[in-house]
Each structure stands twice: as structure tokens, then as C-alpha cells.
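The points follow the structure shown here.

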Amino acid sequence: MVGVSSDRTEPGAADDLRSDGRSTRWDAHRARRREQVVDAALAVLGRDGQDFGLDQVAHEAGVTKPVIYRHFGDRAALLDAMAERATDRLMERLMPAIYRESAAWTRIHDSIDAVMGFLDDSPGVDLLFRRRLPGQRGEVVDAGREFIASALTGLLGSYAEMLDVHEPDLVRVWSQSMVGAVQATAEWWLRGRTTGDAPGRDVVTLHLTDLIWAQIEGMARRRGLTLSPESLLPVRVEPK
């Protein structure tokens, strides 16, 4: 009599395992293909400008146009994915600078430099943040802006707390104005750079830093305090 092994897979179980494995591999493949298309689209945007077509993206990615539609549905969905990827890359540069414990002036400078450097190294990506591409919806960009503003609210809140300023609305307005000022200045600089009618990136970063620092220093002075650019101010991370 032939014995039956106790660890033998029941009928159908092997098929389920194979099916699960195929499903996992297919999910990973689709994720890689989506990343491939998004990276290609960002490259085309930087090279050819905002009027790029999906044919150009397909050629850059080495896929057919139907593949793009299969993964994204339409151009608007691809633009959203591009904005999300660009926002993630910006956060990777900006967040360490915002939360690094260093002298106040240096932290501001490094944060601005992270934004300017990202835009400098990513041709055309500023168009996504301006929401000026045909079909772009902008929800991702709005969410990214709010995330950055929230991080700045935490940073500026720690400064205000040190200066004994207990005005949450002031801090919120301040953070929004900083995001807007840096974004508008960066857009102006990028436009001027193409015609040679703008100062260098380091100069713009330096002046923006000094202007923001002057706000902090001015708040301190109004309260009879002397604040040095070398002052170490605490990082306050908002609870999740």
C-alpha cells in the first residue's frame, strides 16, 4: 500500500498559489511600467515643453500608446501621476532641510535651496506646479502645497513659540505666504533664466533667505529681543 504524504498540497491549492504568485508578479510589473511611463513623460516635458503628446511619451518609454491608456486612462490621469512623482521628489529634497536641526538662517537657506535646486534640475516640472498644462486637474499639486505649508507651519510655530507669539492664525498665514513667495519667485527666475534676464540661483536663494529671516528678526525686535542668524531654534514635529 502506497502511503500518502501529510504535506501533500490539496487539489486546487497549488493552482491558487500559482495564481497568487502570478498576480503579485503582475502587480509589480504594472507598477514598474507605470513608473517607466511617468519617468518618460517627465523627460519629454523637460525636452519638448508643455504641448507634448502621448505618442512622444510612448516612444520615449518604449511602449505603445494603448499601453499608456491601459495604465492611465487618459492624458489628465498621466499628468496627475507626473505631478505626484514630481511632488514626491521635491519632498525628498525639502523635508530633510526643513526638519534638520541647524542655525535658523541656515535652515531657511537650505530649505529654499532645496526647492530652487529641484526646479533647476528638473526642466519643465514647474509647469506641473503652476497647473498650466492642458487637462491637468491640480488636486495633487494642491495637496503637495498644503503638505509643505503644514511643515512650514510647524517650523514657524516653533520660532513663534520661542518669541512668545501665540497667534496660530498668524503662523498659518505666514506659512502660506512663504510658499507663495518662493513659488512665485522661482517661476520668475525660471522665466528670466531662459532669456538671461535673471540673477543666478545662489543670488536668488540668498535674497529670499534674507527676506524671510528679516520677518523673524523683526518679530523678535518688536518684543525687545535680539535674535542672531546663528540661533539654534527647536524643531517641532506635529503629531500624526
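Predicted model: local features only at pLDDT ≥ 70, side-chain atom pairs only at ≥ 80, totals over all residues.

1. Helix packing. The axes of α5 and α8 approach within 11 Å, and they cross at roughly 40°. The handedness of this α5 and α8 crossing is right-handed.

2. Residues at the contact. On the α5 side, the residues involved are I112, V115, M116, L119 and D120, and they meet V182, A186, W189, L190 and R193 of α8. Sorted by class, this contact of α5 with α8 comprises eight nonpolar and two charged residues, with no polar ones.

3. The largest pocket. Its volume is about 510 Å³. The lining of the largest pocket is made up of 28 residues, and those nearest its centre are L90, V115, I148, V179 and Q183. Two or more lining residues come from each of α4 (75-99), α5 (104-121), α6 (125-130), α7 (139-162) and α8 (168-195). Of these helices, α7 gives the largest share, with seven residues.

4. What classes of residue form the lining of the largest pocket? The lining divides into 17 nonpolar, seven charged and four polar residues.

5. The second largest pocket. The volume here is about 160 Å³. The second largest pocket is lined by A31, R34, E35, V38, A81, E84, R85 and D88. The helices that contribute two or more residues to this lining are α1 (13-48) and α4. By class, the lining of the second largest pocket holds five charged and three nonpolar residues, and no polar ones.

6. A serine in α7. S158 is located in helix α7. Is S158 buried or exposed? S158 counts as buried because its relative accessibility is 2%, and the cut-off for buried is under 20%. The C-alpha atoms of S158 and V171 lie 9.8 Å apart in space, while the two residues are separated by 13 residues in sequence.

Key. Residues numbered from 1 in each chain as written. Heavy atoms only, no water. 1 Å grid on protein atoms, 1.4 Å probe; cavity = no way out; pocket = protein on both sides within 12 Å on 5 of 7 lines; lining within 4 Å. Points joined across faces, edges and corners; volume = space filled by probe spheres on them. Helix = DSSP H or I, 4+ residues; strand = E, 2+ residues; numbered from the N terminus. Nonpolar A, V, L, I, M, F, W, Y, C, P; charged D, E, K, R; others polar. Axes fitted to C-alpha atoms, helices over the stretch in contact; angles between N-to-C directions. Left-handed = near helix turned anticlockwise from the far one by under 90°. Contact = heavy atoms within 4.5 Å. Buried < 20%, exposed > 50% of the residue type's maximum accessible area, 1.4 Å probe, protein only.
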